[in-house]
Amino acid sequence: MYSSGFAVTLVALTMITTLVILAVTSNVVLSLGMVGALSIVRFRTAIKEPLDIAFLFWSIAVGIVLAAGLLTLAVIGSLFIGIFLLIFVNRKTHRNPYIIVLACADYESEQKAIAFLHTHVKRIAVKSKTARKGAVELNLDIRMKDDNTDFINTLSEMDGVSSAVLVSYNGDYMG
């Protein structure tokens, strides 16, 4: 699954690395000292969120730049990184996706239910379909037109539909 937090972390780490490289390119002794300093950094606990890693390395990078006496670079670099993170960390580019778990009696009731959904949602994608004698179960990924979920009540009362479950998920495994 795509994780927007991981994507933002990759760009943030690129900016942080640029900040460190700008500081050490002017001084060979500083670059050797930085390699030694970064080689002793070790985290004893597992870091679960990718963005936490970006914040940890940001603080290490600013510490290195400040220790090198490059206050202006530390301030300007931190401003760029901070503004980037403020803009992109909590940005939602799409509405939350939903999954509908639909249990139907037969192919005909399945087609009626899907036709009904096409009139109430923006997009439908079949994620899985299980067919047994006298039962069809569908897992549908949908994008809704608005936040109104009342259509699921009508869907569950249709002839041939034994159950309809609507589940919201954000695409990430956590949060």
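**Close-up 1. A salt bridge between Lys-112 and Glu-108 in the predicted model.** The closest N and O atoms of Lys-112 and Glu-108 are 3.5 Å apart. A salt bridge here is a side-chain nitrogen of Lys or Arg within 4 Å of a carboxyl oxygen of Asp or Glu. Both residues lie in helix α5 (residues 107-120), 4 residues apart, about one turn of the helix. Helices are DSSP runs (H or I, at least four residues), numbered from the N terminus. The whole structure holds 4 salt bridges. Local features need pLDDT of at least 70, side-chain atom pairs count only at pLDDT 80 or more, and totals for chains, interfaces and linings use all residues. Residues are numbered from 1 along each chain as its sequence is written, and side-chain values use heavy atoms, with hydrogens and water left out.

**Close-up 2. Helix α1 (residues 4-24) packs with helix α4 (residues 71-88).** The angle is about 175°, and the axes are 10 Å apart. Axes are lines fitted to C-alpha atoms over the stretch in contact, with angles from 0 to 180 degrees between N-to-C directions. The pair is therefore roughly antiparallel (over 145 degrees). Contacts (heavy atoms within 4.5 Å) involve Val-8, Met-15 and Leu-22, among others, in α1, and residues including Leu-73, Phe-80 and Phe-88 in α4. This contact has 14 nonpolar residues, 1 polar and no charged. Ala, Val, Leu, Ile, Met, Phe, Trp, Tyr, Cys and Pro count as nonpolar, Asp, Glu, Lys and Arg as charged, and the others, Gly among them, as polar.

**Close-up 3. Helix α1 meets helix α3 (residues 50-67).** Their axes come within 9 Å and cross at roughly 10°. α1 and α3 are therefore roughly parallel (under 35 degrees). Among the residues in contact are Phe-6, Leu-13 and Val-20 of α1 and Ile-53, Phe-57 and Trp-58 of α3. The contact counts 17 nonpolar, 2 polar and no charged residues.

**Close-up 4. A nonpolar patch on the surface.** Leu-66, Leu-71, Val-75, Leu-79, Ile-83, Ile-87 and Phe-88 together expose about 650 Å² of accessible area (Shrake-Rupley method, 1.4 Å probe, only the protein chains shown counting as cover for residues). Patch residues have over 30% relative accessible area and no salt bridge; nonpolar side chains (Val, Leu, Ile, Met, Phe, Trp, Tyr) are joined within 5 Å. α4 gives the most, with 6 residues. Leu-71 lies in α4.

Key
Helix = DSSP H or I, 4+ residues; strand = E, 2+ residues; numbered from the N terminus. Parallel < 35°, antiparallel > 145°, perpendicular 65-115°, else oblique. Patch = residues over 30% accessible without salt bridge, like charges linked within 9 Å, V, L, I, M, F, W, Y side chains within 5 Å.
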